[in-house]
Structures are given as C-alpha cells and as structure tokens.
Amino acid sequence: MIVTGLLCGALLGFVMQRGRFCLTGGFRDMYIAKDYRMFYALLIAIAVQSIGVYTLIQFGAIEFVAGEFSWVATIIGSFIFGIGIVFAGGCATGTWYRAGEGLLGSWIALFGYMFMSAVMKSGVLVPVDQSMKSVKISTNSIAESTGISVWVYIVVFIAIVLWLIVRELKKPKISIPTMKSKRTGLSHLLFEKRWHPFFTALLVGGIAILAWPLSEATGRMAGLGITTPSANILQFLVSGNQEYINWGVFLVLGIFLGSFTAAKGSREFRFRMPDVKTGISSFIGGNLMGFGASLAGGCSIGNGLVMTAMMTWQGWVSLLFIILGTWTASYFVFVRPKNKKNTVVSDTTVTA
C-alpha cells in the first residue's frame, strides 16, 4: 500500500508539475482567453483512462459500481468547488503539486482544503452533507440509464476528442521564445524541455489507469482521488485512528513528493511567501474547495477526470458545474475589476 501509493502519486505529481497540468488555469482560460488547449488535454486524459479502465473491467481485473447519483449535492458542491479553486489559485491536485514547488500560498489553501473536507466528513457539517446527498437518483451510470452499451459512449467520445485534437493541431503555431538549452539527453527532456499539454494528458490518463488495480489490490475500490485522502490525513493526525490510513493517503503524499522532485530537478523550487491578501484568499478558497468537493463526492480529479471516464452522470454534471463556478469567480476576480479599471482610464482620458 505504501510503496504503490507513493509511486503512483509521485508519477502523477512529477508529470503534472513538469507539464503544468493546471485545470484551474485551463477552465479560466476558456472564459477569459478563449484558449481551450488545457480543456482538450483533460478530455484526452479522460478518453485514455476510459479505454484502459473499461478494458480492465471487461477482463475482470477490477470492479466498478457507479452507485447512486446525488444530483443536488453534485450540482451545488461542484459549483462552489469551481469558485474555490479560483480563490485558492489551483484545484485540489494543483494545490498539492504547487505546495511541492514551495508556494506557501498553496500550503495555506491545502490546509483549508483538508480542514473543511474533514469537517464535512466527520465533523459538525456531516448532517448538512448527508441531508443534501439524500436527494438522489438510483442509477448513476449513463449506460445503465439509457440501456446503451458503455462502449458506444466511449467510441463516440473518442471520435469527438480526436476531431478536437486535429482541429487544434491544425491551427497556426505561435512561436514562444525559449532560452538556450543548458542540458542534454534525458535530463533535458525531463527537466528543461517544455511539455505539450496533450502529451502530458496521455501520461496523466495512463497513470489514472494504473491507479485502479494498484488501489484495488489494497482493498480500496477506486481510482485516483484527492478529497477524501486529504481529509483522512487530518483525521488521522487528530484522532490517531489508523483506519484513516489507506492507499489514497499515500497517493496524495506521493503527489507532493513527485512535484518536489520535479521542481528541484528543473530548478523551479523555491519558497514563496504570499502577501496577506493572497494568503487570506488562498485560505478561503481552500475551505470552499473542501466544502464543495466533499458535497459533490469528488473534485476536478475524482469527478472531472475519473467519474467522467467511467461515464457517470455524477462525473459529467460535476465537470460542467465546476467550469461554471470557475467562470463565475473569474468574472468577479479578473474580468469585472479589469473592465472597471478600463472604464476609469477611459473617463479620465476623455476628461483630460
């Protein structure tokens, strides 16, 4: 459990750090910059995982039960989570890997995230969590709800993703100035060369597949997950109850270690202290992330990457409302202040 959890997490943390696989920035850029590359990268990772995991299920290597769909909790929780990741400056996984880079603001957000997740799962907000999740639909699987084979959905989804990739790759390439390489060989490829988001997505999808059999071998019947393991760490530290220690705990600790290794190797690691405003924003965002992800039954990884790949209502509805929450917060945090500033500058110029 310790070895495989840390290994899988370290691989994920390393790849995400080097590939700058940031879903918060990706969702935000869809709205502000009309840049969809990171979103397309997420779709690639979903497609890769979906093929791999359902192949494993087909051969009886792993088990998966979609369960019920708590639609009210998923919608509200995902929207709040989307708002939270903007204030925190990163999603659940992004916060873990950026903490490994030395960003103390991410440490603050991470504590808020772990704290509120624990409160939702075993603290005073348990009744709120359970009450909202009680409104549900008996079938969470899209395939079971429609009576159509899951492979039909997977094939259609892959076709859409391939079309989007081809269309994106046909666009004129933007020349990005780069410094002269200081390394050669494997060291250059791992720690210096800029990774394409689509290549990073293929690796993330592969690691997501690997997580399923490794996790299930320890009795944890799930793939990648960040929220519950993050809460488990704090719950264990407070109670000392070893039941909170599972494969997922070592997964998230591995993400931190993998990111730290990547950041040190690429000379990007350094401690950076946020200003007071950023620190407060990070803490508030972390708490919103913990509340929303716990309520929704998953974060941008648990729902947005894993449950989408499993073709569940929870996954796709959650992904939609995470994006909407991100856009809403981005408007008030970035777009509206900029518009007001431009208006003031314009009025000043006219007056002058």
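Trainee: Where is Met 311 found?

Mentor: In this predicted model, Met 311 sits in the loop between H15 and H16.

Trainee: Why is Met 311 called buried?

Mentor: Its relative accessibility is 5%. Buried means under 20%, so Met 311 counts as buried.

Trainee: What makes the phi of Met 311 worth a remark?

Mentor: Phi of Met 311 is positive, about 55°, although the residue is not a glycine. Most residues other than glycine have a negative phi.

Trainee: Which value does phi of Arg 267 have?

Mentor: Phi of Arg 267 is near 60°, again a positive value in a residue other than glycine. Arg 267 lies in the loop between helix H13 (247-265) and H14.

Trainee: Is Arg 267 buried or exposed, and how do you know?

Mentor: Arg 267 has a relative accessible area of 63%. Exposed means over 50%, so Arg 267 is exposed.

Trainee: Why is Phe 334 called partly exposed?

Mentor: Its relative accessible area is 35%. The term covers values between the 20% limit for buried and the 50% limit for exposed, therefore Phe 334 is partly exposed. Phe 334 lies in helix H16.

Trainee: Which residues form the nonpolar patch on the surface?

Mentor: Ile 32, Phe 87, Tyr 331, Phe 332, Val 333 and Phe 334 form the patch, with about 500 Å² of accessible area together. Helix H16 (residues 313-351) gives the largest share, 4 residues.

Conventions
Residues numbered from 1 in each chain as written. Predicted model: local features only at pLDDT ≥ 70, side-chain atom pairs only at ≥ 80, totals over all residues. Heavy atoms only, no water. Patch = residues over 30% accessible without salt bridge, like charges linked within 9 Å, V, L, I, M, F, W, Y side chains within 5 Å. Areas by Shrake-Rupley, 256 points an atom, 1.4 Å probe, with all protein chains shown as cover. Salt bridge = Lys/Arg side-chain N within 4 Å of Asp/Glu carboxyl O. Helix = DSSP H or I, 4+ residues; strand = E, 2+ residues; numbered from the N terminus. Buried < 20%, exposed > 50% of the residue type's maximum accessible area, 1.4 Å probe, protein only.
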